[in-house]
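Hi,

Here is the structure I promised to pass on.

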Amino acid sequence: MSPVLHFYVRPSGHEGAASGHTRRKLQGKLPELQGVETELCYNVNWTAEALPSAEETKKLMWLFGCPLLLDDVARESWLLPGSNDLLLEVGPRLNFSTPTSTNIVSVCRATGLGPVDRVETTRRYRCSWL
């Protein structure tokens, strides 16, 4: 079975604004909600027998990152839930490949990352409660 690699993207300024909007909407229904933080996660199906080399990992991190931000992609999540937090992950169903995945796989193959055969993006939410 092929391993699924996870690459987490730190929220940029516009995503912080979107989190604030999401929090305000949810607080209307859930007044005990203290905050909402988000991040993107690229779930990469890696088909090679060996895990990606340092150079391949660097390419993947470059592909998923913003060219204007340094170190915005990590292999570990930026969202570390506390004891009163809820961590949700929202994305496509796993039984079918999205058009976005097809496009990302084409880019990966063009950059020499042949073992990538599927990449699905999910959005992760950390909800903090009072």
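This is a predicted model: local features need pLDDT of at least 70, side-chain atom pairs count only at pLDDT 80 or more; totals for chains, interfaces and linings use all residues.

The largest pocket holds about 190 Å³ of space. Pockets here come from a 1 Å grid over the protein atoms alone: a pocket is an open set of points where a 1.4 Å probe fits, with protein on both sides within 12 Å along at least five of seven lines, and lining residues have an atom within 4 Å of a point. The volume is the space filled by probe spheres set on the points, which are joined across faces, edges and corners. Lining the largest pocket are Val4, His6, Asn43, Val44, Asn45, Pro92, Leu94, Arg118, Glu120 and Thr122. Strand 1 (4-9), strand 2 (33-46) and strand 5 (116-129) each give two or more residues to that lining. Strands are DSSP runs of E with at least two residues, helices are runs of H or I with at least four, and both are numbered from the N terminus.

Residues are numbered from 1 along each chain as its sequence is written, and side-chain values use heavy atoms, with hydrogens and water left out.

Now the charged pairs. Taking a salt bridge as a side-chain nitrogen of Lys or Arg within 4 Å of a carboxyl oxygen of Asp or Glu, the count comes to five. One of them joins Arg126 to Glu37, with the closest N and O atoms 1.7 Å apart. Arg126 sits in strand 5 and Glu37 in strand 2, so this pair ties together parts 89 residues apart in sequence. Arg126 also meets Asp85 in a salt bridge, at 3.9 Å from N to O. Since Asp85 belongs to strand 4 and Arg126 to strand 5, that pair ties together parts 41 residues apart in sequence.

Arg126 counts as buried because its relative accessibility is 13%. Glu37, at 36%, is partly exposed, and so is Asp85, at 23%.

Another salt bridge brings the side chains of Arg124 and Glu89 together at 3.2 Å, N to O. This one links distant parts of the chain, with Arg124 in strand 5 and Glu89 in strand 4, 35 residues apart. Arg124 is buried at 9% relative accessibility, whereas Glu89 is partly exposed at 42%.

Strand 4 (residues 85-90) also holds Leu86, which is partly exposed at 37%. Leu86, Leu88 and Val90 form a nonpolar surface patch, with about 240 Å² of accessible area together. Patch members have over 30% relative accessible area and no salt bridge, and nonpolar side chains (Val, Leu, Ile, Met, Phe, Trp, Tyr) are joined within 5 Å, like charges within 9 Å. Areas are Shrake-Rupley values with a 1.4 Å probe, and for residues only the protein chains shown count as cover.

Last, Pro31 is in the loop between helix 1 (13-29) and strand 2 and is exposed, at 60%. Pro31 and Trp129 are 98 residues apart in sequence, yet their C-alpha atoms are 9.2 Å apart in space.

Cheers

How values were computed
Buried means under 20% relative accessible area, exposed over 50%, partly exposed in between (1.4 Å probe, protein chains only).
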